[in-house]
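Reader: Please take me through this model, from its strands to its charged pairs.

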Amino acid sequence: MKIVAIIPSRGTATRYGANKALAQILDKPMIEWVHRWAKEADFLSEVVVATDDKGIYECVEGFGGHDGGDGVLMAELRSNPAFFRC
């Protein structure tokens, strides 16, 4: 069975501020840490970042978030109420 983790990452998050996914934590953007932690889960077949922000998309591509079958995709996250508070 294939289990895929989809990490929603909005560029216009409101609770922390714009681009919280790109906030630096120990010299790496937050989204890179989240992606790395998800990759460590043995039961996941693939980790995908879904974003509506070009900067986050390029960041994930930059740290290799697309390698090994994983990916990053542009999505219209605002159209889904589940992502309004991400």
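This is a predicted model: local features need pLDDT of at least 70, side-chain atom pairs count only at pLDDT 80 or more; totals for chains, interfaces and linings use all residues.

Reader: Which residues form the covered face of strand β1?

Author: In a regular strand the side chains alternate between the two faces of the sheet. Strand β1 spans residues 4-9, and its uncovered face holds Val4, Ile6 and Pro8. The covered face consists of Ala5, Ile7 and Ser9.

Reader: What is the order of the strands in the open sheet?

Author: Strand β1 is joined to β4 (residues 46-51) by 6 bridges, and the two run parallel; in this pair, serine 9 is opposite threonine 51. β4 also pairs with β5 in the parallel sense, over 4 bridges, with valine 49 and valine 72 as bridge partners. The open sheet of 3 strands therefore, with strands pairing if at least two bridges are found between them, has the order β1-β4-β5.

Reader: Which strands are at the edges of this sheet?

Author: An edge strand pairs on one side only. That applies to β5 (71-74) and to β1, so by this pairing criterion of at least two bridges the edge strands are β1 and β5.

Reader: What angle does the direction of helix α2 make with that of β5?

Author: Helix α2 covers residues 54-62 and packs on the sheet. Its contacts there are with β1, β4 and β5. The angle between the directions of α2 and β5 is about 165°.

Reader: In the salt bridge of glutamate 46 with lysine 2, how many residues apart is the pair?

Author: The closest N and O atoms of glutamate 46 and lysine 2 are 3.1 Å apart. Glutamate 46 belongs to strand β4, while lysine 2 is in the segment before β1. The pair thus links distant parts of the chain, with a separation of 44 residues.

Reader: Glutamate 32 forms a salt bridge with arginine 36; in which helix do both lie?

Author: The closest N and O atoms of this pair are 2.9 Å apart. Glutamate 32 is buried at 8% relative accessibility, whereas arginine 36 is partly exposed at 39%. The two are 4 residues apart, about one turn of the helix, and both lie in α1.

Notes
Residues are numbered from 1 along each chain as its sequence is written. Side-chain values use heavy atoms; hydrogens and water are left out. Buried means under 20% relative accessible area, exposed over 50%, partly exposed in between (1.4 Å probe, protein chains only). Contact means heavy atoms within 4.5 Å. Axes are lines fitted to C-alpha atoms, for helices over the stretch in contact, and angles run from 0 to 180 degrees between N-to-C directions. A salt bridge is a side-chain nitrogen of Lys or Arg within 4 Å of a carboxyl oxygen of Asp or Glu.
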